[in-house]
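Trainee: I would like to learn how to read a model, feature by feature. Can we work through one together?

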Amino acid sequence: MSESRKKRITIFCNGKREGGKSVIVSTKKWSDFLRQVSKKLGIAASRVFNEDGGEIDDVELIFNKDVLFISSGDSFITPSPAGYCSKGRYNEWVTLNVGGRIFATTRSTLTGDKESMLSKMFGDGWNSTTDANGSFLIDRTPDYFAPILHYLRCGELVIDDGVNAEGVLNEAKFFNITSIIDKLTTLVERRNKVDVFSRKDVVSILLTSSTNSSLRCQGLNLEGVDLSRLDLSHINFKMTNFKEAILARTNLDNTLLQEAELQGADLTYANLRGANLNGANLEGANLKGANFEDRGGMRAHLEGANLKSATLEEVNFSGSNLRVANLKNANMLNCNLRGADLAGANLEDANLRGANLYK
């Protein structure tokens, strides 16, 4: 290429107008030109754009005094006065003023989640307000923002003691950090869950209580606890949560279980003579072989109880009060209902094969 036909151009990394280099184009081969600009900018150049974003792929389309943007393969990025060209990412440090607390981080951290509001705020074309010191102002609670920033940096969810996880969840939703929302939702549900008592706790209560006093344990959370074979007779468990608890062969004679949550509980071969389960939820519970009959005259009460889809095979309900109980889809195979009061009970699709319904 003759001296008169040589072209002097200015090249920048794709997406910025800092660190430009002047280049004299002295070749007609496109591959040679790419090698030349790669060496100048220290990147593996593969695509070239003009100032309007149009892609150039021939030296003949380059003119003297052109300003070109060189890419390692990414599409055209609108030039920004700030930024560092390294694999198409921003890495310059910025400071944030979040509710009065200053945070220092990088643009690459803030733009890591491409769908988030932070990525849009610190990407191209967003005019963010700054304070007197040049820190970007974000009107949010700093204690809730800090775990979000740490997650964007490290990919780890860390919440300090005393920080409300629900506040962090709301922050993640506000900034649309979708990758952390499920984790925070699970954490919030776990932290909001009432403390569950253990079998050891229950045994301790039994051992330290006077046999002459009425034991009140109403409203406890015993979900999933193994209480099998314990003597829990004559105890007030009104509105207690026994969901999916194991009460197999447990003695619950004369126990108050009114409005208790027993969904999915295992009550196989449990003794429930004289027990009060009025309004209790036993949906899907397994009561196979359980005994409700009290030959001394204390009838068990299950009025309004929900026994939908429960396993009631071989249960002895003799003399029990099952008025308006929901027994829909219950398996009552070989169930003893002799003398039981079933007035208003829902027996739709219940399996009563072999059941004793005599008065």
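Mentor: We go from the whole chain down to single residues. Keep in mind that this is a predicted model.

Trainee: Start with the overall picture. How many helices and strands does the protein chain have?

Mentor: The protein chain has seven helices and eight strands. Its radius of gyration is 37 Å, well over the 21 Å that the globule rule gives for 359 residues, so the chain is more spread out than a compact globule. The box tells you about the extent along each axis. Taken along the principal axes, the C-alpha atoms fill roughly 120 × 45 × 30 Å.

Trainee: What share of the 359 residues counts as buried?

Mentor: The share is 42%. Surface is the other side of that reading. The accessible surface of the protein chain comes to about 18,900 Å², and carbon and sulfur atoms account for 45% of it. Then look at contacts. Among those between residues at least 6 apart in sequence, 36% join residues at least 24 apart.

Trainee: Now the sheet. What should I look for?

Mentor: Start with the general idea. Strands of a sheet pair through backbone hydrogen bonds, either parallel or antiparallel. Then read the order of the strands. Here, five strands form an open sheet in the order S2-S1-S5-S3-S4, and the pairing is mixed. The edge strands are S2 (21-25) and S4 (55-56), each of which pairs on one side only.

Trainee: How do strands S3 and S5 run, parallel or antiparallel?

Mentor: They run antiparallel. Three bridges join S3 (residues 47-49) to S5 (residues 67-71). Arg47 stands opposite Ser71 in S5.

Trainee: On to salt bridges. How many does the structure hold?

Mentor: The structure holds eight salt bridges. Ask of a pair how far apart the partners are in sequence. Begin with a local case. Arg35 forms a salt bridge with Asp32, and the closest N and O atoms are 2.2 Å apart.

Trainee: Why are Arg35 and Asp32 separated by about one helical turn?

Mentor: The general rule comes first. An α-helix has 3.6 residues a turn, so residues three or four places apart point the same way. Arg35 and Asp32 are separated by about one turn because they are three residues apart in helix H1 (residues 30-41). Arg35 is exposed at 54% relative accessibility, while Asp32 is partly exposed at 28%.

Trainee: Which pair links distant parts of the chain?

Mentor: Take Asp143 and Arg101, whose salt bridge has its closest N and O atoms 2.4 Å apart. Asp143 is in helix H4 (residues 142-154), Arg101 is in strand S7 (residues 101-106), and the two are 42 residues apart. Both are partly exposed: Asp143 has a relative accessible area of 39%, and Arg101 has 34%.

Trainee: What about the segment after H7?

Mentor: Arg323 and Asp341 meet there in a salt bridge of 3.2 Å, N to O. Both lie in the segment after helix H7 (199-208), so the pair ties together parts that are 18 residues apart in sequence. Arg323 counts as partly exposed, at 35% relative accessibility.

Trainee: Next, helix ends. How does Asn164 cap H5?

Mentor: Asn164 sits at the N-terminal end of H5, with a side-chain oxygen 2.8 Å from the backbone nitrogen of Glu166. Now read the helix itself. The buried residues of H5 (residues 165-174) include Val168, Leu169 and Glu171. Just after H5, Asn176 takes a positive phi of about 55°.

Trainee: How do I read a positive phi?

Mentor: Most residues other than glycine have a negative phi. Lys65 has a phi near 70°. Lys65 is found in the loop between S4 and S5 and is exposed, with a relative accessible area of 69%. Arg249 has a positive phi of about 60°. Arg249 lies in the segment after H7 and is partly exposed at 44%.

Trainee: One last residue. Is Ser108 buried or exposed?

Mentor: Ser108 is buried: its relative accessible area is 10%, and the cut-off for buried is under 20%. Ser108 belongs to helix H2 (residues 107-110). Its side chain makes a polar contact of 3.0 Å with the side chain of Thr106.

Methods: Residues are numbered from 1 along each chain as its sequence is written. This is a predicted model: local features need pLDDT of at least 70, side-chain atom pairs count only at pLDDT 80 or more; totals for chains, interfaces and linings use all residues. Side-chain values use heavy atoms; hydrogens and water are left out. Helices (H or I, at least four residues) and strands (E, at least two) are DSSP runs, numbered from the N terminus. Buried means under 20% relative accessible area, exposed over 50%, partly exposed in between (1.4 Å probe, protein chains only). A polar contact is a pair of N or O atoms within 3.5 Å; within protein, one must be able to donate a hydrogen and the other to accept it, and residues adjacent in sequence count only if both atoms are side-chain atoms. A salt bridge is a side-chain nitrogen of Lys or Arg within 4 Å of a carboxyl oxygen of Asp or Glu. The radius of gyration is taken over C-alpha atoms; the globule rule is 2.2 Å times the number of residues to the power 0.38. Contact means heavy atoms within 4.5 Å. Accessible areas come from the Shrake-Rupley method with a 1.4 Å probe; for residues, only the protein chains shown count as cover. Two strands pair if DSSP finds at least two bridges between them.
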